[in-house]
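Please keep the viewer open as you read, and take the points in order.

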Amino acid sequence: MDDFGTTIRSAEETTVRRDLAAAYRLIHLHGLEDSIFTHISARLSDGPDGTHRFLLNPYGLRFDEVTPENLVTIDETGALLDDPYGHGVNAAGFTIHSAVHMARHDVACVVHTHTVAGVAVSSVKEGLLPLNQWSAQFFGKTAFHDYEGIALDLDERERLVRDLGTKFVMILRNHGLLTCGRSVAEAIKLMLNLERSCKAQVAALSMRGLTLDVLTDNVAAHTAEQYQSAYDKTEASGEDAEWAAMLRRVEKSDPTFAR
Ligand SMILES: [Zn+2]
(Lines give C-alpha, C1' and ligand atoms only; values in the text may rest on other atoms or scores of the structure.)
Protein backbone atom coordinates (compact mmCIF):
# COMPACT_ATOMS: atom_id res chain seq x y z
CA MET A 1 0.00 0.00 0.00
CA ASP A 2 1.12 3.57 -0.58
CA ASP A 3 0.23 6.59 1.61
CA PHE A 4 -3.16 6.88 -0.08
CA GLY A 5 -4.13 3.27 0.64
CA THR A 6 -3.69 2.23 -2.98
CA THR A 7 -2.25 -1.19 -3.62
CA ILE A 8 1.07 -0.99 -5.42
CA ARG A 9 1.55 -3.86 -7.83
CA SER A 10 4.67 -5.08 -9.54
CA ALA A 11 4.74 -4.96 -13.33
CA GLU A 12 4.92 -8.76 -13.22
CA GLU A 13 1.67 -9.01 -11.22
CA THR A 14 -0.05 -6.56 -13.54
CA THR A 15 0.87 -8.77 -16.50
CA VAL A 16 -0.20 -11.99 -14.78
CA ARG A 17 -3.56 -10.41 -13.88
CA ARG A 18 -4.16 -9.22 -17.44
CA ASP A 19 -3.15 -12.58 -18.90
CA LEU A 20 -5.22 -14.64 -16.47
CA ALA A 21 -8.35 -12.51 -16.96
CA ALA A 22 -7.78 -12.76 -20.73
CA ALA A 23 -7.51 -16.54 -20.35
CA TYR A 24 -10.99 -16.66 -18.81
CA ARG A 25 -12.32 -14.49 -21.63
CA LEU A 26 -10.71 -16.75 -24.27
CA ILE A 27 -12.19 -19.89 -22.72
CA HIS A 28 -15.56 -18.10 -22.90
CA LEU A 29 -15.03 -16.89 -26.49
CA HIS A 30 -14.25 -20.48 -27.51
CA GLY A 31 -17.31 -21.77 -25.62
CA LEU A 32 -15.26 -24.05 -23.39
CA GLU A 33 -16.62 -23.18 -19.96
CA ASP A 34 -18.88 -25.40 -17.83
CA SER A 35 -21.15 -22.73 -16.32
CA ILE A 36 -19.21 -21.13 -13.42
CA PHE A 37 -17.27 -24.34 -12.71
CA THR A 38 -13.74 -25.38 -13.65
CA HIS A 39 -10.99 -22.85 -13.16
CA ILE A 40 -7.85 -21.28 -14.45
CA SER A 41 -5.27 -20.41 -11.79
CA ALA A 42 -2.03 -18.47 -11.92
CA ARG A 43 0.88 -18.25 -9.53
CA LEU A 44 1.98 -14.90 -8.14
CA SER A 45 5.35 -14.32 -6.54
CA ASP A 46 5.38 -15.22 -2.83
CA GLY A 47 4.16 -12.57 -0.39
CA PRO A 48 6.60 -10.68 1.89
CA ASP A 49 6.09 -13.29 4.64
CA GLY A 50 6.75 -16.17 2.25
CA THR A 51 3.06 -16.97 1.67
CA HIS A 52 2.45 -18.77 -1.62
CA ARG A 53 -0.02 -16.65 -3.58
CA PHE A 54 -2.33 -17.56 -6.47
CA LEU A 55 -4.99 -15.81 -8.51
CA LEU A 56 -8.40 -17.35 -9.17
CA ASN A 57 -11.72 -16.13 -10.55
CA PRO A 58 -14.30 -14.64 -8.18
CA TYR A 59 -16.86 -17.36 -7.46
CA GLY A 60 -20.19 -16.86 -9.16
CA LEU A 61 -19.04 -14.61 -11.98
CA ARG A 62 -19.30 -15.80 -15.57
CA PHE A 63 -15.98 -16.16 -17.33
CA ASP A 64 -16.84 -13.17 -19.55
CA GLU A 65 -17.22 -11.06 -16.40
CA VAL A 66 -13.70 -11.73 -15.10
CA THR A 67 -11.36 -8.73 -15.23
CA PRO A 68 -7.77 -8.15 -14.09
CA GLU A 69 -9.16 -6.16 -11.15
CA ASN A 70 -11.75 -8.57 -9.76
CA LEU A 71 -9.44 -11.61 -9.57
CA VAL A 72 -9.11 -13.07 -6.07
CA THR A 73 -5.76 -13.70 -4.39
CA ILE A 74 -5.60 -16.88 -2.32
CA ASP A 75 -3.01 -19.07 -0.64
CA GLU A 76 -2.42 -22.74 -1.44
CA THR A 77 -5.32 -23.82 0.78
CA GLY A 78 -7.76 -21.53 -1.02
CA ALA A 79 -7.87 -19.09 1.93
CA LEU A 80 -8.61 -15.53 0.84
CA LEU A 81 -5.78 -12.97 0.87
CA ASP A 82 -7.53 -10.35 -1.28
CA ASP A 83 -11.13 -10.52 -2.49
CA PRO A 84 -12.19 -7.31 -4.28
CA TYR A 85 -15.52 -8.70 -5.55
CA GLY A 86 -16.43 -10.11 -2.14
CA HIS A 87 -17.84 -13.47 -3.22
CA GLY A 88 -14.83 -15.61 -2.38
CA VAL A 89 -13.63 -18.50 -4.51
CA ASN A 90 -14.72 -22.07 -5.13
CA ALA A 91 -12.14 -23.56 -2.76
CA ALA A 92 -13.09 -27.14 -3.72
CA GLY A 93 -12.49 -26.25 -7.37
CA PHE A 94 -9.02 -25.01 -6.49
CA THR A 95 -8.01 -28.36 -4.98
CA ILE A 96 -6.65 -29.83 -8.22
CA HIS A 97 -4.90 -26.56 -9.01
CA SER A 98 -3.24 -26.22 -5.61
CA ALA A 99 -1.97 -29.80 -5.78
CA VAL A 100 -0.27 -29.04 -9.10
CA HIS A 101 1.03 -25.62 -8.03
CA MET A 102 2.53 -26.94 -4.79
CA ALA A 103 4.27 -29.83 -6.55
CA ARG A 104 5.36 -28.06 -9.72
CA HIS A 105 7.11 -24.74 -9.22
CA ASP A 106 7.89 -24.63 -12.95
CA VAL A 107 4.16 -24.22 -13.61
CA ALA A 108 2.82 -20.64 -13.70
CA CYS A 109 -0.73 -21.46 -14.74
CA VAL A 110 -3.13 -24.41 -14.64
CA VAL A 111 -6.17 -24.64 -16.93
CA HIS A 112 -8.91 -27.20 -16.33
CA THR A 113 -11.95 -27.75 -18.54
CA HIS A 114 -15.02 -29.95 -18.86
CA THR A 115 -15.99 -29.77 -22.54
CA VAL A 116 -18.06 -32.24 -24.56
CA ALA A 117 -15.13 -33.21 -26.79
CA GLY A 118 -12.63 -33.27 -23.91
CA VAL A 119 -14.90 -35.38 -21.71
CA ALA A 120 -15.63 -37.67 -24.69
CA VAL A 121 -11.93 -38.35 -25.29
CA SER A 122 -11.39 -38.74 -21.54
CA SER A 123 -14.07 -41.45 -21.61
CA VAL A 124 -12.31 -43.85 -24.00
CA LYS A 125 -9.51 -46.17 -22.95
CA GLU A 126 -7.27 -45.17 -25.88
CA GLY A 127 -7.35 -41.50 -24.93
CA LEU A 128 -6.05 -39.08 -27.55
CA LEU A 129 -4.89 -40.66 -30.81
CA PRO A 130 -2.20 -39.05 -33.03
CA LEU A 131 -4.54 -38.44 -35.97
CA ASN A 132 -3.29 -35.02 -37.14
CA GLN A 133 -0.69 -32.42 -36.29
CA TRP A 134 -2.80 -30.88 -33.53
CA SER A 135 -2.94 -34.15 -31.62
CA ALA A 136 0.54 -35.34 -32.63
CA GLN A 137 2.00 -32.51 -30.55
CA PHE A 138 0.70 -34.32 -27.46
CA PHE A 139 2.16 -37.70 -28.42
CA GLY A 140 4.19 -39.04 -25.49
CA LYS A 141 3.50 -35.82 -23.57
CA THR A 142 0.11 -36.60 -22.07
CA ALA A 143 -0.45 -37.95 -18.57
CA PHE A 144 -3.59 -39.74 -17.38
CA HIS A 145 -5.33 -39.73 -14.04
CA ASP A 146 -8.14 -42.16 -13.19
CA TYR A 147 -11.45 -40.84 -11.92
CA GLU A 148 -12.12 -41.35 -8.22
CA GLY A 149 -15.29 -39.28 -7.72
CA ILE A 150 -15.80 -35.55 -7.21
CA ALA A 151 -14.26 -35.24 -3.76
CA LEU A 152 -10.52 -34.74 -3.93
CA ASP A 153 -9.03 -35.90 -0.68
CA LEU A 154 -5.38 -35.50 0.20
CA ASP A 155 -4.63 -39.03 -0.97
CA GLU A 156 -6.02 -38.31 -4.44
CA ARG A 157 -4.01 -35.11 -4.67
CA GLU A 158 -0.87 -37.15 -4.17
CA ARG A 159 -1.90 -39.57 -6.92
CA LEU A 160 -2.84 -36.71 -9.23
CA VAL A 161 0.57 -35.09 -8.83
CA ARG A 162 2.29 -38.44 -9.22
CA ASP A 163 0.33 -39.16 -12.41
CA LEU A 164 1.14 -35.73 -13.87
CA GLY A 165 4.86 -36.20 -13.15
CA THR A 166 6.85 -33.68 -15.19
CA LYS A 167 4.28 -33.40 -17.98
CA PHE A 168 2.22 -30.31 -18.84
CA VAL A 169 -0.89 -32.03 -20.20
CA MET A 170 -3.18 -34.48 -18.45
CA ILE A 171 -6.39 -36.22 -19.42
CA LEU A 172 -8.51 -36.68 -16.32
CA ARG A 173 -10.27 -39.91 -17.24
CA ASN A 174 -14.08 -39.72 -17.33
CA HIS A 175 -13.78 -36.10 -16.24
CA GLY A 176 -12.00 -33.60 -18.51
CA LEU A 177 -8.75 -31.94 -19.51
CA LEU A 178 -5.91 -30.19 -17.70
CA THR A 179 -3.00 -28.20 -19.09
CA CYS A 180 -0.15 -26.41 -17.37
CA GLY A 181 2.09 -23.69 -18.70
CA ARG A 182 5.29 -21.87 -17.87
CA SER A 183 3.13 -18.83 -18.59
CA VAL A 184 -0.62 -18.23 -18.76
CA ALA A 185 -0.25 -17.94 -22.53
CA GLU A 186 1.40 -21.35 -22.83
CA ALA A 187 -1.25 -23.08 -20.69
CA ILE A 188 -4.08 -21.58 -22.76
CA LYS A 189 -2.47 -22.34 -26.11
CA LEU A 190 -1.97 -25.96 -25.02
CA MET A 191 -5.59 -26.17 -23.91
CA LEU A 192 -6.95 -24.70 -27.15
CA ASN A 193 -4.86 -27.15 -29.18
CA LEU A 194 -5.86 -30.05 -26.93
CA GLU A 195 -9.52 -29.12 -27.30
CA ARG A 196 -9.19 -28.92 -31.10
CA SER A 197 -7.48 -32.31 -31.07
CA CYS A 198 -10.35 -33.83 -29.09
CA LYS A 199 -12.96 -32.29 -31.40
CA ALA A 200 -11.10 -33.59 -34.47
CA GLN A 201 -10.90 -37.08 -32.94
CA VAL A 202 -14.61 -37.14 -32.15
CA ALA A 203 -15.34 -35.96 -35.71
CA ALA A 204 -13.01 -38.54 -37.28
CA LEU A 205 -14.52 -41.34 -35.22
CA SER A 206 -18.00 -40.33 -36.39
CA MET A 207 -17.25 -41.30 -40.02
CA ARG A 208 -18.62 -44.81 -39.77
CA GLY A 209 -17.30 -47.30 -42.28
CA LEU A 210 -14.12 -45.35 -43.03
CA THR A 211 -10.70 -46.30 -41.70
CA LEU A 212 -8.80 -44.10 -39.26
CA ASP A 213 -5.33 -43.17 -40.52
CA VAL A 214 -3.29 -43.01 -37.29
CA LEU A 215 0.17 -41.45 -37.60
CA THR A 216 3.14 -43.72 -36.93
CA ASP A 217 4.85 -43.34 -33.57
CA ASN A 218 7.95 -41.95 -35.28
CA VAL A 219 6.12 -39.21 -37.15
CA ALA A 220 3.97 -38.37 -34.13
CA ALA A 221 7.05 -38.15 -31.84
CA HIS A 222 8.91 -36.02 -34.38
CA THR A 223 5.93 -33.65 -34.64
CA ALA A 224 5.67 -33.44 -30.84
CA GLU A 225 9.32 -32.38 -30.64
CA GLN A 226 8.80 -29.74 -33.34
CA TYR A 227 5.95 -28.24 -31.34
CA GLN A 228 7.97 -28.47 -28.12
CA SER A 229 10.91 -26.56 -29.58
CA ALA A 230 8.54 -23.86 -30.81
CA TYR A 231 6.99 -23.54 -27.34
CA ASP A 232 10.48 -23.49 -25.76
CA LYS A 233 11.62 -20.77 -28.12
CA THR A 234 8.59 -18.62 -27.32
CA GLU A 235 8.99 -19.01 -23.55
CA ALA A 236 12.72 -18.24 -23.74
CA SER A 237 12.32 -15.15 -25.92
CA GLY A 238 9.20 -13.73 -24.27
CA GLU A 239 8.02 -12.77 -27.74
CA ASP A 240 4.66 -14.34 -28.44
CA ALA A 241 2.83 -13.05 -31.49
CA GLU A 242 0.04 -15.60 -31.07
CA TRP A 243 -0.69 -14.51 -27.50
CA ALA A 244 -0.59 -10.85 -28.54
CA ALA A 245 -3.19 -11.66 -31.20
CA MET A 246 -5.32 -13.48 -28.63
CA LEU A 247 -5.12 -10.47 -26.28
CA ARG A 248 -6.29 -8.22 -29.11
CA ARG A 249 -9.23 -10.53 -29.67
CA VAL A 250 -10.19 -10.22 -26.00
CA GLU A 251 -9.86 -6.44 -26.05
CA LYS A 252 -11.91 -6.21 -29.25
CA SER A 253 -14.65 -8.39 -27.77
CA ASP A 254 -14.85 -6.13 -24.70
CA PRO A 255 -13.05 -2.77 -24.87
CA THR A 256 -13.71 -2.30 -21.12
CA PHE A 257 -11.91 -5.55 -20.26
CA ALA A 258 -8.78 -4.02 -18.71
CA ARG A 259 -10.17 -0.69 -17.53
ZN1 LIG B 1 -13.23 -30.89 -13.08
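The points below start with the sheet, move to the zinc site and end with some loops.

1. A word before you start: this is a predicted model. Please read every value below as computed from that model.

2. Now look at strand S8, residues 176-181. How many of its residues are buried? Six of the six are, and the strand is mostly covered. In a regular strand, side chains alternate between the two faces of the sheet. Here Gly-176, Leu-178 and Cys-180 point one way, while Leu-177, Thr-179 and Gly-181 point the other way, and all are buried.

3. The partners of S8 come next. Strands of a sheet pair through backbone hydrogen bonds, in either a parallel or an antiparallel sense. Strand S5 (residues 109-113) runs antiparallel to S8, and five bridges join the two. In this pairing, Val-110 is opposite Cys-180 in S8. Strand S7 (residues 169-172) is also antiparallel to S8, over four bridges, and there Ile-171 has Leu-177 of S8 as its bridge partner.

4. S7 and S8 make a hairpin with three residues between the strands, where Asn-174 takes a positive phi near 60°. S7 pairs with S6 as well: those two run parallel and are joined by four bridges. Phe-144 stands opposite Ile-171 in S7, and Ile-171 is the residue that has Leu-177 as its bridge partner in S8.

5. Which residues hold the zinc ion as protein donors? They are His-112, His-114 and His-175, each through NE2, lying 2.0 Å from the ion. Along the sequence, the donor residues follow the spacing H-x1-H-x60-H. Because His-112 lies in strand S5 and His-175 in the loop between S7 and S8, this pair ties together parts that are 63 residues apart in sequence.

6. Is His-112 buried or exposed? Its relative accessibility is 5%, so His-112 counts as buried. His-175 has a relative accessibility of 21% and therefore counts as partly exposed. The cut-off that matters here is that buried means under 20%.

7. Next, turn to the loop between strand S2 (53-56) and strand S3 (72-74), where you will find Glu-65. Glu-65 is partly exposed, with a relative accessible area of 30%.

8. At 28% relative accessibility, Tyr-59 counts as partly exposed. Tyr-59 and His-39 are 20 residues apart in sequence, and their C-alpha atoms are 9.9 Å apart in space.

9. Leu-212 belongs to the loop between helix H6 (184-205) and helix H7 (217-237), and at 32% relative accessibility Leu-212 counts as partly exposed.

Conventions: Residues are numbered from 1 along each chain as its sequence is written. This is a predicted model: local features need pLDDT of at least 70, side-chain atom pairs count only at pLDDT 80 or more; totals for chains, interfaces and linings use all residues. Side-chain values use heavy atoms; hydrogens and water are left out. Buried means under 20% relative accessible area, exposed over 50%, partly exposed in between (1.4 Å probe, protein chains only). Two strands pair if DSSP finds at least two bridges between them. Donors are N, O and S atoms within 2.8 Å of the metal (3.2 Å for Na, K and Ca); water is not among the atoms, so sites may look incomplete.
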